[in-house]
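I opened this model to look up its sheet, its core and its ligand shell. My entries follow in the order in which I made them.

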Amino acid sequence: MAESAESSESTSTVSAGILTNIFLQIVQSPLNIALVGVILFLVYNIFKSRNKDVQVRPAEPELPKLKKKDFTVEELKKYDGTQADGRVLVAVNGGVYDVTRGKRFYGPGGPYAAFGGKDASRGLATFNVTAAGEGYDDLSDLTTMEMDSVKEWESQFKEKYDFVGRLLKPGEQPTNYSDEEDEQPSVTAEQPSVTAEKKKDD
Ligand code: HEM
């Protein structure tokens with residue numbers, strides 16, 4: 001016991017000695033003092049810029065879910081992220097999606113801001129960010145390959161974003177969506193009965 005207490009005492013004396021030595025070496029050389037000053041300045045700046053970052057970009061609260069409705073090309077235009085709530089909608093292959101979550105892509109200043117409030121189908125199919133025209137685009141001149149690409153993008157949007165309604169052709173009447181949060185009634189209507197049958201068999 002006495003031996004171990006002695007050895008720990010001598011270890012702490014040695015480390016204190018090393019620290020004093022380092023300290024003395026630093027303060028005795030003006031170059032070292034300058035270097036320590038530079039290091040402290042850099043560390044201070046890193047912390048300052050980190051704190052600033054947090055203040056400049058507070059977490060954006062999620063917008064309430066948009067009530068399902070169909071949009072004309074004109075109605076869609078205002079959802080380009082420049083409104084007060086910053087909501088962004090994008091249409092792909094006749095479906096309209098709430099892409100506010102991807103605002104850094106489609107919102108003002110984003111790389112794909114030209115798609116915000118627009119039908120992005122043609123642009124996505126032709127790899128042209130500025131391809132959306134002013135009016136309704138029936139996409140009828142796109143090749144089969146381009147249409148396949150549109151459909152691929154469509155399934156990506158379906159997976160990542162909320163479907164909010166359809167893009168209306170000129171003169172087309174909007175669907176009257178019920179208040180129920182039922183995204184795909186035709187698919188879900190059949191599924192429960194199939195599962196019930198299976199359970200009965202088991
Ligand atoms: C030099 C060319 C391009 C580069 C380097 C590039 C890079 C990227 C990267 C890195 C992402 C993923 C970002 C992330 O998930 O964090 C992305 C997403 C995307 N890109 Fe590009 N891109 C290019 C061209 C294009 C073109 C030509 C189009 C269409 C016209 C396009 C449409 C998109 C879209 C729609 C997304 C998905 C955004 C989302 O998740 O909603 N990109 N791009």
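The entries below start with conventions and end at the ligand.

**Conventions.** I am working with a predicted model, in which local features need pLDDT of at least 70, side-chain atom pairs count only at pLDDT 80 or more, and totals for chains, interfaces and linings use all residues. Residues are numbered from 1 along each chain as its sequence is written.

**Chain.** I counted elements as DSSP runs numbered from the N terminus, with helices being H or I of at least four residues and strands E of at least two. The chain has seven helices and three strands. Read from the N terminus, the order is α-α-α-β-β-α-α-α-β-α. I took a residue as buried if 20 or more other C-beta atoms lie within 10 Å of its own, exposed if 12 or fewer, and partly exposed in between, with C-beta atoms placed from the backbone. Of the 202 residues in the chain, 18% are buried. A contact means that two C-beta atoms, placed from the backbone, lie within 7 Å. Among contacts between residues at least 6 apart in sequence, 56% join residues at least 24 apart.

**Sheet.** Strands pair here if DSSP finds at least two bridges between them. I found an open sheet of three strands, ordered β1-β2-β3 and paired antiparallel. Its edges are β1 (89–92) and β3 (162–166), each pairing on one side only. From one strand to the next the twist averages 35 degrees. Angles run from 0 to 180 degrees between N-to-C directions, and axes are lines fitted to C-alpha atoms, for helices over the stretch in contact. Helix α6 (residues 144–160) packs on the sheet and touches β1, β2 and β3, with its direction at about 140 degrees to that of β1.

**Hairpin.** Strand β2 covers residues 95–98 and is joined to β1 by four bridges. Val 92 has Gly 95 as its bridge partner in β2. Two residues separate β1 from β2 in this hairpin, and Asn 93 in the turn has a positive phi of about 50 degrees.

**Ala 91.** Beyond neighbours within four places in sequence, the contacts of Ala 91 are Leu 76, Val 96, Lys 118, Asp 119, Ala 120 and Leu 167. Leu 167 is 76 residues away along the chain, with 6.7 Å between the C-alpha atoms.

**Core.** Both faces of β1 are covered, with Leu 89 and Ala 91 buried on one side and Val 90 and Val 92 buried on the other. I defined a nonpolar core as a set of buried Ala, Val, Leu, Ile, Met, Phe, Trp, Tyr and Cys residues joined through C-beta atoms within 7 Å. The largest has 24 residues, and those touching the most other members are Leu 76, Leu 89, Val 90, Val 92, Val 96 and Tyr 97. Elements giving two or more residues are α3 (73–77), β1, β2, α5 (121–125) and α6. β1 gives the most, with four residues.

**Ligand.** The ligand is surrounded by Gly 102, Phe 105, Tyr 112, Gly 123, Leu 124, Phe 127, Asn 128, Val 129 and Lys 160, where the criterion is a backbone-placed C-beta atom within 6 Å of the molecule.
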